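Notebook open. I want to look up strand pairing, cores and aromatic contacts, one item at a time.

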Amino acid sequence: MLNDFTGKVAVVTGAASGIGYAMAERFVAEGMKVVLSDIEQGALDKAVARLAEDGGDVLGHVTDVSDRDSVIALADVAFDRYGEVHVLCNNAGIGSGSEGKMWEHDPKDWDWCFAVNVFGVFNGIQAFVPRMLAQGTDGHIVNTSSGDGGIAPLPNASVYASTKAAVVTMTEALYAQLHQVQAKLGASVLFPGPKMLRTGLWESYRNRPERYAKSRPRKTPYNTLDAWEKAMRDAGQEIEFTPVESVAANVVDGIRENRFWIMPPSEHSDGQITARSQSMLARSNPTYLETFILDK
C-alpha cells in the first residue's frame with residue numbers, strides 16, 4: 001500500500017489538461033516527481049512549465065498511447081530519468097465523434113476510440129507494470145473509466161461506453177492478477193464525477209491521427225461542450241460540473257486507501273448500479289436504460 005507520496009514518481013497520460021493535469025498538479029503538491037505525457041506538444045509544454053514554475057520536479061514527454069512503441073518510449077524516459085515509477089495513471093482518452101446509430105457508424109470511429117481508450121490502457125500496463133514489479137516497491141495503477149459504460153451505457157454514446165466498460169474489466173483482471181503474484185502494486189478504476197466535467201474530451205477530433213481518419217465525411221458538425229450546455233439550458237436543465245481538482249483529490253485518497261473503486265458518492269450512479277444489478281439477477285430486459293436516458 002502506497003501511503004507516503006513524498007519523493008515518489010508518478011506517470012500520467014493525457015496530462016496536458018483536464019483530469020490528467022489536475023492529477024499531475026496534485027501529485028506535485030504531494031511531493032511527487034511527475035512525468036506528464038500527452039499527444040499535444042504545445043499544451044504539454046505549457047502544463048510542464050506551469051508545474052515547474054510552482055517548484056515541481058516534472059518532465060514532459062509527447063506520447064501517442066495508441067502506439068505501443070510510443071508508450072514503451074515513455075516508460076524508458078520515465079525510468080531513465082527517475083529510476084523508478086510508483087504510480088501509473090492510464091488516463092488518456094477520447095470521444096469517438098461517431099454519428100447516428102451503431103449500424104450507421106464509421107468503423108474508423110471504433111478503431112480510433114478502442115486504440116486510445118482500451119489499447120492505450122493495455123499498452124501502459126505492458127510498458128510499466130513489469131518494471132514496477134521488478135523494482136519491488138509499493139505502487140499503484142489507476143485506469144480511468146467512466147460512469148458511461150463503466151456502470152451503464154448512454155446508448156447514443158455506444159463507442160465510448162464500450163471502451164469504458166472494457167477498462168473496468170481490464171482493471172478487475174489486473175487487480176486479481178497482481179494479487180495472484182502477491183505484488184506490492186494496487187490497482188484502481190477511476191470514475192470521474194459525480195457531475196459533468198469540463199475537459200477536452202468533447203474536442204478529441206483535434207488530435208485524430210491520419211491512420212484513424214474517417215472513411216467518409218461527417219454529416220453534422222462536431223458537438224462542443226459549450227453548445228451542449230447551451231442546449232440543455234435552453235431546455236430548462238442547468239448542468240452541474242465537478243471540478244477536476246476534486247477528481248484528483250479522490251485519486252490520491254483512493255491510492256492511499258488502496259481502494260479499487262475510486263467512485264465518488266452519487267445517487268444517480270448508485271441508482272444505475274442497483275437497476276442494472278437487479279435486471280441481471282432477474283434476467284429481465286435492460287429497461288433501466290430508458291429511465292436513465294430521461295434522467296440525463
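Which residue in strand 2 stands opposite Thr-13? I looked it up in this predicted model: the residue is Ser-37.

**Strands and crossovers**

Strand 1 (residues 9-13) and strand 2 run parallel and are joined by five bridges.

Next I checked the link to strand 3 (residues 58-62). Strand 2 pairs with strand 3 in the parallel sense, over five bridges. Val-34 has Val-58 in strand 3 as its bridge partner. Here the chain passes from strand 2 through helix 2 (residues 41-53) to strand 3, in a right-handed β-α-β crossover.

I also looked at how covered strand 2 (residues 33-38) is. Five of its six residues are buried.

**Nonpolar cores**

I listed the largest nonpolar core; it has 35 residues. Val-11, Val-35, Val-85, Phe-128, Met-132, Ile-141 and Leu-178 touch the most other members. Elements that each supply at least two residues of this core include strand 1, helix 5 (119-135), helix 7 (158-180) and strand 6 (185-190).

Beyond its neighbours within four places in sequence, Leu-178 contacts Val-129, Leu-133, Ile-141, Ala-183, Leu-185, Gly-186 and Ala-187. Another core, of 33 residues, lies apart from the largest one. Its members include Ala-10, Ala-22, Leu-190 and Leu-197.

**Aromatic pairs**

How many aromatic pairs does a search of the whole structure find? I got eight.

I took Phe-5 and Phe-27 to begin with. Their ring centres are 6.4 Å apart and their planes stand at 70°, so I logged the pair as edge-to-face. Phe-5 sits in the segment before strand 1 and Phe-27 in helix 1, 22 residues apart. Both Phe-5 and Phe-27 are buried.

Then I turned to Tyr-175 and Phe-260. This pair is edge-to-face too, at 5.4 Å centre to centre with 75° between the planes. Tyr-175 is in helix 7 and Phe-260 in the loop between helix 9 (244-256) and strand 7 (261-262), so the pair ties together parts 85 residues apart in sequence.

Phe-260 is buried, at 11%. I also noted a cluster: ring pairs link Tyr-175, Phe-191, Phe-260 and Trp-261.

**Charges over rings**

I checked two arginines. Arg-50 lies over the face of Tyr-21, 4.6 Å from the ring centre. Arg-218 lies over the face of Tyr-222, at 4.0 Å from the ring centre.

Note on methods:
Residues are numbered from 1 along each chain as its sequence is written. This is a predicted model: local features need pLDDT of at least 70, side-chain atom pairs count only at pLDDT 80 or more; totals for chains, interfaces and linings use all residues. Side-chain values use heavy atoms; hydrogens and water are left out. Buried means under 20% relative accessible area, exposed over 50%, partly exposed in between (1.4 Å probe, protein chains only). Helices (H or I, at least four residues) and strands (E, at least two) are DSSP runs, numbered from the N terminus. Two strands pair if DSSP finds at least two bridges between them. A crossover is right-handed if, with the strands pointing away from the viewer, the path from the first strand over the helix to the second runs clockwise. A nonpolar core is a set of buried Ala, Val, Leu, Ile, Met, Phe, Trp, Tyr and Cys residues joined through side-chain atoms within 4.5 Å. Contact means heavy atoms within 4.5 Å. Rings of Phe, Tyr and Trp (its six-membered ring) pair if their centres lie within 6.5 Å; planes under 30 degrees apart count as stacked, over 60 as edge-to-face and the rest as tilted. A charge sits over a ring if NZ of Lys or CZ of Arg is within 6 Å of the ring centre and within 35 degrees of the ring normal.
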